[in-house]
Every structure is written in C-alpha cells, then in structure tokens.
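Come along and keep the model open beside you.

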Amino acid sequence: MFVSKLKQAIQDEYKAYFFYKSLHDQLKEPMWKDFVRHAYEDEKSHYEMFQQLHYMLTGSFVPNPKRPVPCYDAKQCVQKALVDELEDIETYKEMLLTIPIEEAYNPLFIALHDEMEHAIRMSTIYNALS
C-alpha cells in the first residue's frame, strides 16, 4: 500500500513541476511568479526524494508519466493547484503515519510541510485573482 501511494506521489510531483512551470509563464505579478517558482522548485525536490525512497524500497525507479497539459488560464490553474495541494497534504499525512522504514520520514515530513506552504501561496494568488 505504501509503495503504491509513493509511486502515485512520484507521478503527481512530476506533473506538478511542469504544471507550475506553465502557470509561472501565465502570471504577471512578480510576487506571484516567485510563489510559483518556489513551488515548482519544491516539487522537483520532492520528486527526486521520492524516487530515491522508491529505489530504496523496491530497487527500481518509477518511469516518468506524460507531461500534463500546460496551463492557459491562470485563475483556473491556481484553483486546480490549490485543490491538488490540499489533497497531497492528506495523502502525505497518511503516508507519514505508515512509513515502512525510518528513511521515509524526512522526505515525507518535508513534502507535507512544503505542500501546506504551497496551498497558502496558491490561496493567496487565487484570492487576488478573484
């Protein structure tokens, strides 16, 4: 169960990285661009940490999925990002409570807290766009 959730998390982090990169290009406000840049850099880090953890647990890496459709409507994309971040928080909280090895704690703890921060950032952007 943990490994299947980890595999899905790896795929989601990969997609989030490219989704945020395309969202970044849609935004004009420098602060919002910084918020999104921070998020996509974190997503890349989560992807790398989770791939390493998957390798430790299974001896293999998860193949990269297809890249997501780029973001064309900033408000819709920010709303999607906010919902995705909130869902990821719940997933990582569940995973943190069921870690199979001690080495899984730090990557999940870091990702869980980063996703909370991303949700706050996306909420701020979304409210400003409304």
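Predicted model: local features only at pLDDT ≥ 70, side-chain atom pairs only at ≥ 80, totals over all residues.

**Entry 1**

Residues are numbered from 1 along each chain as its sequence is written, and side-chain values use heavy atoms, with hydrogens and water left out.

Tyr-105 sits in helix H4; I use helix for a DSSP run of H or I with at least four residues, and strand for a run of E with at least two, numbered from the N terminus.

**Entry 2: the core**

Next I went inside. The largest nonpolar core holds 37 residues, and those with the most contacts inside it are Tyr-20, Leu-23, Val-36, Phe-50, Tyr-92, Leu-108 and Met-122. Two or more residues each come from helix H1 (2-26), helix H2 (30-58), helix H3 (74-96) and helix H4 (105-129). Which element gives the most to this core? That is H1, with 10 residues. By core I mean a set of buried Ala, Val, Leu, Ile, Met, Phe, Trp, Tyr and Cys residues joined through side-chain atoms within 4.5 Å.

I then picked Leu-23 and listed its contacts (heavy atoms within 4.5 Å). Leaving aside neighbours within four places in sequence, Leu-23 is in contact with Val-36, Cys-71, Ala-74, Cys-77, Val-78 and Met-122.

**Entry 3: the disulfide**

Two cysteines on that list made me check for disulfides, meaning pairs of cysteine sulfur atoms within 2.5 Å. A search of the whole structure gave 1. Cys-71 is joined to Cys-77, with 2.3 Å from S to S. Both Cys-71 and Cys-77 are buried. The torsion about their S-S bond is about 120°, so I noted this disulfide as right-handed.

**Entry 4: salt bridges**

How many salt bridges does a search of the whole structure find? I got 5, counting a side-chain nitrogen of Lys or Arg within 4 Å of a carboxyl oxygen of Asp or Glu. I wrote up some of them.

- Asp-34 pairs with Arg-37, with the closest N and O atoms 2.6 Å apart. About one helical turn separates Asp-34 and Arg-37, because they are 3 residues apart in helix H2. Asp-34 is partly exposed at 42% relative accessibility, and Arg-37 is partly exposed at 29%.
- Lys-80 pairs with Asp-84, with the closest N and O atoms 2.5 Å apart. Lys-80 and Asp-84 are 4 residues apart in helix H3, so about one helical turn lies between them. Lys-80 is partly exposed with a relative accessible area of 42%, and Asp-84 is partly exposed with 27%.
- Lys-93 meets Glu-90 at 3.2 Å, N to O. Lys-93 and Glu-90 are both in helix H3, 3 residues apart, about one turn of the helix. Lys-93 is partly exposed at 38% relative accessibility, and Glu-90 is partly exposed with a relative accessible area of 40%.

**Entry 5: a histidine and two distances**

I stopped at His-46, which is found in helix H2. Why do I count His-46 as buried? Because its relative accessibility is 0%. Not counting residues up to four places away in sequence, His-46 touches Glu-13, Ile-110, Ala-111, Asp-114, Glu-115 and His-118.

Back at Arg-37, I took a distance to Tyr-17: the two are 20 residues apart along the chain, and their C-alpha atoms are separated by 9.5 Å. My last stop was Thr-91 in helix H3, which is partly exposed with a relative accessible area of 27%. Thr-91 and Phe-109 are 18 residues apart in sequence and 12 Å apart in space, C-alpha to C-alpha.

Terms used: Buried < 20%, exposed > 50% of the residue type's maximum accessible area, 1.4 Å probe, protein only.
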